Amino acid sequence: MKKLNVLSDFNDDQGNTITSPTTFDKNIAITIRGRNNRIIVDRGARINKLTVIFDCDNATVVIGPSSRRGFSMSMQLGQDSTVRVGANVTTTGACIINAAEGATVASGNDVMIASENQFRAHDGHPIFDVATGKRVNPVKDITIGNHVWFGAQAVALAGANVGDGSVIGFRSIVNKKIPNNCIAVGSPAKVVRKNIVWERPHLSFVAPPYKPDSSTVEQSAYWNMTEEQPAIIAENRKRFLSLRRNIWHIRRRLLNTQ
């Protein structure tokens, strides 16, 4: 087992490598227990605090560039797993990311993460069906799109997939697909509003002190209408056809009684 407190170019006889043109020597803790693990850091990355634990072999961490204040993250990776951090990702506090059994946890660009957030592609321990012996809590990828805002204590679990421009509310738990440009809240998270966009300027310490409409902020590239998911479209069509059939039967009964 190797422990490093500096993030810089590194390699060992077990095939573990770090590629980091910039040296980070504050708030770094890297533990390597396996073989052929990799950390790839962009030259323009900004890291406030980073903990990485490689428990097994063949895991990869990729960190993108940032022109913002950077992030604090604690990552634990199992066999063949991957964590990708996009460009300009920020956190208010340290967030936790777990991946194992070949899973990938990936964030897009310009993602804003609040505090006490977790991104967990697995449950930490296996759960089995007593009758069949089969695993009932498989590992699943987590995908976070571009310009997504995770509110404080919001969590993404296995299978979470959040579209560009969306907002995940305070203490919400995401475990499925959330479309773009919407607000999702609750446990499990459900869409409560569509066709929205959020912007980074803080309400109190970024001028102007009142922001009643979009003319008060610089608009990002994520002003898009929410795209309906195919499953939702199919379900709405199914409901429409069912309603139309019911209306047809009611009309027929009324005609037969005349």
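I started with tryptophan 149, which comes out as partly exposed at 35% relative accessibility. My cut-offs, with a 1.4 Å probe and protein chains only: buried is under 20% relative accessible area, exposed is over 50%, and partly exposed is in between.

Ground rules before going on. This is a predicted model, so I took local features only at pLDDT of at least 70 and side-chain atom pairs only at pLDDT 80 or more, while totals for chains, interfaces and linings use all residues. Residues are numbered from 1 along each chain as its sequence is written, and side-chain values use heavy atoms, without hydrogens and water.

**Aromatic pairs**

How many aromatic pairs does the structure hold? I got two. The rule covers rings of Phe, Tyr and Trp (its six-membered ring) with centres within 6.5 Å; planes under 30 degrees apart are stacked, over 60 edge-to-face, and the rest tilted.

Phenylalanine 119 and phenylalanine 150 make a tilted pair, 5.0 Å centre to centre with 55 degrees between the planes. Phenylalanine 119 sits in strand β14 (residues 118-120) and phenylalanine 150 in strand β16 (residues 149-150), so this pair ties together parts 31 residues apart in sequence. For the names, I used DSSP runs numbered from the N terminus: helices are H or I with at least four residues, strands are E with at least two. Phenylalanine 119 is buried at 4% relative accessibility, and phenylalanine 150 is buried at 0%.

Tryptophan 149 pairs with tryptophan 198: the ring centres are 5.7 Å apart and the planes are at 50 degrees, so I logged this pair as tilted. Tryptophan 149 is in strand β16, and tryptophan 198 is in the loop between β23 (190-194) and α1 (230-257), 49 residues apart. Tryptophan 198 is buried at 5%.

**Cysteines**

I looked for disulfides (cysteine sulfur atoms within 2.5 Å) and found zero. Cysteine 95 is buried at 1%, and cysteine 182 is buried at 0%.

**Threonine 60**

Threonine 60 lies in strand β7 (residues 60-63) and is buried at 10%. Leaving out residues up to four places away in sequence, I see it touching Arg38, Phe54, Leu77, Ser81, Thr82 and Val83; contact means heavy atoms within 4.5 Å.

**Backbone**

Which peptide bond has omega near 0 degrees? The cis one from serine 187 to proline 188. I also noted a cis bond joining alanine 207 and proline 208, with omega about -5 degrees.

Glutamate 101 is not a glycine, yet has a positive phi of about 50 degrees. Glutamate 101 is in the loop between β11 (95-99) and β12 (104-107) and is exposed at 53%.
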